[in-house]
Amino acid sequence: MAGRVQGKVAFITGAARGQGRSHALRLAEEGADVIAVDLCGPIPTIEMYPPATEEDLAETVRQVEALDRRIVATKADVRDRGALEAAVAEGVAQLGRLDIVLANAGVFEIQPALEVGDDAWREMIDINLTGVWNTCRAGLPHLIEAGGGSIVLTSSTAGLKGTPNTVHYTAAKHGVVGIMRTLANEFAAQSIRVNSVHPTGVDTQMIMNPKTWGLFDPENPNPTREGAEPIFRSTNALPVPWVEPRDISNAVLFLVSDEARYITGVTLPVDAGYTVK
Amino acid sequence: MGKLEGKVAFITGAARGQGRSHAVRLAQEGADIVAVDICAQIDSVPYPMATPEDLEQTVREVEALDRRIVASRADVRDLGALERAVADGVAQLGRLDIVLANAGIAPMGADDDPARAFADVVDVNLTGVWNTLRATAPVLVEQGDGGAIVITSSTAGLKGIGGDSPGGQGYTAAKHGVVGLMRSYAMTLGPQGIRVNTVHPTGVNTPMVVNDFMQKWLAEDPTVAGAMTNLMPVEMLEAVDISNAIVWLVSDDARYVTGVTLPVDAGFTAK
């Protein structure tokens, strides 16, 4: 049976691990080839969890190839539009076309608003907002060339609601919605759909670290996953503390498939009811 | 293996249009169906409503897929009738997993008796949805293993496109109202693992939209100009486009999606 995105090619940023790797594998399971990029290196102001590595990206390549799909992977920074354009051009040269763009790369850091330094603000906005724009900018000409396509921007529940201690992250994730809505309008006539997904906490290193656990469990000097779990759970309407990367991938897969051929301009929460609570 | 193998879905307004499409699409994914439809005319509705023959056609199409269907005539304004239909369906099919509150009317342009048109559309499109939830939520809760409810709202549940027609205003008010119901139920049923979402279609190629009265209203009421003009280059969606969104929402692929207003509208609300 043909997969739900059989024969399509997807460009995915932040593909070395976490949600990005999960998206690459889920789309590959359904027949897509992948153009993958990741910074694979540190960001000075992101200190609360370790960066992805080149080994992580190599593991994504190995797992996609194990599904008998092709993947062109490059180390590239979403802040560097030229590097993204080169990665996409190389991927399209090898894989023949581009149909899907997933602007997934992002970072997270927790800081009280008045302690966010200029560098921390700039790096967050550069990666989580300008990086998303750069990704769209690099992918769009190829989608136009293909006669249509689908873009999914990974925002967050923090793209729909405010939460304390994340002013730079929340500002960037709200900004992503503005990019989505504008591009949905601007490129609808060319049959290019643009949507955003808004995950609640996802079980990846980005939130599975002592500093994030501590935000949810501030009384505990040595916060743990187990200690934070009930507080995470209390923020969602459904009785789960967080969701799995594959849950976001299933939403992304739906949005980029023909099942959603007339869905565009939509903010889709995958958040266990976080934003309705 | 279908995405909904072994599940049972209760669908209102299942005689034709989107409701029939949902029944067929869910059956293709392995679900059995409990179907109701009023199969009768409501006076303030200017276009012909579904008939008993329409409901029989839905039964035939589901059975042709080798799935079971329990169909009965019931009015969503009659809670007792819905409760009996649900009880009978569960007795025959064994359980309930999915609820699609799909039944609705669109008495735009029926301006002879404004108060009647407004009251009827609110009764069917808002109170009828509440009745559907009241008839089914207790069954899902008692069963104890979750469930998924999808309410069919509209782009008119997100934007004010009722024009100055009493039916259109009632339609828009009711379609906004079901978003409130969805959000309340998402909160109260969340702890039981029951998910509640709305879908918001733009114009769909069904008898509710494709009829002389609706087209006349759209053409002649200057306050609703563009009420169905989409962002994407498509005039009208097909019922299956809404069904595909619903299949995803009620499947395990969306196991943590709840409290969401999902437009399926070719960008109408993003304009």
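## Across the interface

Let's start where the two chains meet: the rule finds 3 salt bridges across the interface of chain A and chain B, a salt bridge being a side-chain nitrogen of Lys or Arg within 4 Å of a carboxyl oxygen of Asp or Glu. One salt bridge joins B:Arg255 to A:Asp247, with 2.6 Å between the closest N and O atoms. This is a predicted model, in which local features need pLDDT of at least 70 and side-chain atom pairs count only at pLDDT 80 or more, while totals for chains, interfaces and linings use all residues. Residues are numbered from 1 along each chain as its sequence is written, chains are lettered from A in the order in which they are written, and side-chain values use heavy atoms, with hydrogens and water left out.

The rule also finds 8 residue pairs in polar contact across the interface of chain A and chain B, both residues at pLDDT 80 or more. A polar contact is a pair of N or O atoms within 3.5 Å; within protein, one must be able to donate a hydrogen and the other to accept it, and residues adjacent in sequence count only if both atoms are side-chain atoms.

## Contact and buried area

Of the area that chain A buries against chain B, A:Leu238, A:Tyr262 and A:Val276 supply 23%, more than any other three residues.

## The sheet of chain A

Chain A has an open sheet of 7 strands in the order β3-β2-β1-β4-β5-β6-β7, with parallel pairing; two strands pair if DSSP finds at least two bridges between them. At the edges stand β3 (71-75) and β7 of chain A, each with a single partner strand, so one side of each is left without a neighbour in the sheet. Within chain A, β5 (residues 149-154) and β6 (residues 192-199) run parallel and are joined by 6 bridges, and A:Thr154 stands opposite A:Val197 in β6(A).

Two helices lie across strands of chain A. Helix α3 (residues 81-95) lies across β1 (9-13), β2 (33-38) and β3 of chain A, at about 160 degrees to β2(A). α8(A) lies across β4 (100-103), β5, β6 and β7 of chain A, at about 165 degrees to β6(A). Axes are lines fitted to C-alpha atoms, for helices over the stretch in contact, and angles run from 0 to 180 degrees between N-to-C directions.

## The sheet of chain B

Chain B has an open sheet of 7 strands with parallel pairing, in the order β3-β2-β1-β4-β5-β6-β7. Its edge strands are β3 (69-73) and β7 (261-264) of chain B, each pairing on one side only. In chain B, β2 (residues 32-37) pairs with β3(B) in the parallel sense over 5 bridges, and B:Val36 has B:Ser72 as its bridge partner in β3(B).

How values were computed:
Buried area = accessible area lost by both parts, 1.4 Å probe. Helix = DSSP H or I, 4+ residues; strand = E, 2+ residues; numbered from the N terminus. Contact = heavy atoms within 4.5 Å.
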